[in-house]
Amino acid sequence: MARSRIPPYRQIAATVRARIEAGELVSGDQVPSANDLAETYEVSRGTALRALRVLRDEGLIEVTQGWGSFVK
């Protein structure tokens, strides 16, 4: 991930949010897992989980333990 003043978890959340807003991910679609996000953005799994929590807290996704994260 490129150097920025914005924390990596916020950058990842912004990228996924943009995909949702653009209609690339729609209601019911599964968003990439924390492991996938960590690999894609070369961050720790904890950072990826934090990004998913931001999106959950914003009401954009629903996280179901054992199943994954889905667009609301």
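Analyst: This is a predicted model. One place to start is the end of helix H2: H2 is followed by glutamate 42, whose phi is positive, near 55°.

User: And H2 itself, which residues are buried there?
Analyst: In H2, the buried residues are Ala34, Leu37 and Ala38. Looking down the axis of H2, these buried residues fall within an arc of 100°, so they line one face of the helix.

User: What covers the buried residues of H2?
Analyst: The cover includes H1 and H3.

User: Which residues are exposed on the other side of H2?
Analyst: Glu39 and Thr40 are exposed there. Aspartate 36 also lies in H2, and with a relative accessibility of 44% aspartate 36 counts as partly exposed.

User: How far is aspartate 36 from leucine 55?
Analyst: Their C-alpha atoms are separated by 16 Å. Along the chain the two are 19 residues apart.

User: Let's move to H3. What span should H3 have, and what does the model show?
Analyst: Helix H3 covers residues 45-57, which is 13 residues. At 1.5 Å a residue H3 should span 18 Å, and its end C-alpha atoms are 18 Å apart, which agrees.

User: Which residues of H3 are buried?
Analyst: Ala48, Ala51, Leu52, Val54 and Leu55 are buried. Seen down the axis of H3, the buried residues fall within an arc of 150°, so they line one face of the helix.

User: Switching topic. How many salt bridges are there?
Analyst: The structure holds 3 salt bridges. One of them joins arginine 17 and glutamate 58, with the closest N and O atoms 2.8 Å apart. Arginine 17 is in helix H1 and glutamate 58 is in the loop between H3 and S1, so this pair ties together parts that are 41 residues apart in sequence.

User: How accessible is glutamate 58?
Analyst: Glutamate 58 has a relative accessible area of 39%, and is partly exposed.

User: What about the others?
Analyst: Arginine 19 and glutamate 24 form a salt bridge through their side chains, at 2.9 Å from N to O. Arginine 19 counts as partly exposed, at 25% relative accessibility. Another salt bridge is between the side chains of aspartate 57 and arginine 56, at 3.0 Å from N to O.

User: Are aspartate 57 and arginine 56 exposed, or partly exposed?
Analyst: Aspartate 57 counts as exposed, with 59% relative accessibility. Arginine 56 counts as partly exposed, with 38%.

User: Back to H1. Is valine 16 buried or exposed?
Analyst: Valine 16 lies in helix H1 and counts as buried, at 3% relative accessibility; the cut-off for buried is under 20%.

User: Which residues is valine 16 in contact with?
Analyst: Leaving aside neighbours within four places in sequence, valine 16 is in contact with Leu25, Val31, Leu37 and Leu55. Leu37 is among the buried residues of H2, and Leu55 is among those of H3.

User: How far apart are valine 16 and arginine 56?
Analyst: Their C-alpha atoms are separated by 12 Å, and the two residues are 40 residues apart along the chain.

Key. Residues are numbered from 1 along each chain as its sequence is written. This is a predicted model: local features need pLDDT of at least 70, side-chain atom pairs count only at pLDDT 80 or more; totals for chains, interfaces and linings use all residues. Side-chain values use heavy atoms; hydrogens and water are left out. Helices (H or I, at least four residues) and strands (E, at least two) are DSSP runs, numbered from the N terminus. The expected span of a helix is 1.5 Å times one less than its number of residues. Buried means under 20% relative accessible area, exposed over 50%, partly exposed in between (1.4 Å probe, protein chains only). The arc is that of the directions from the helix axis to the C-beta atoms. Contact means heavy atoms within 4.5 Å. A salt bridge is a side-chain nitrogen of Lys or Arg within 4 Å of a carboxyl oxygen of Asp or Glu.
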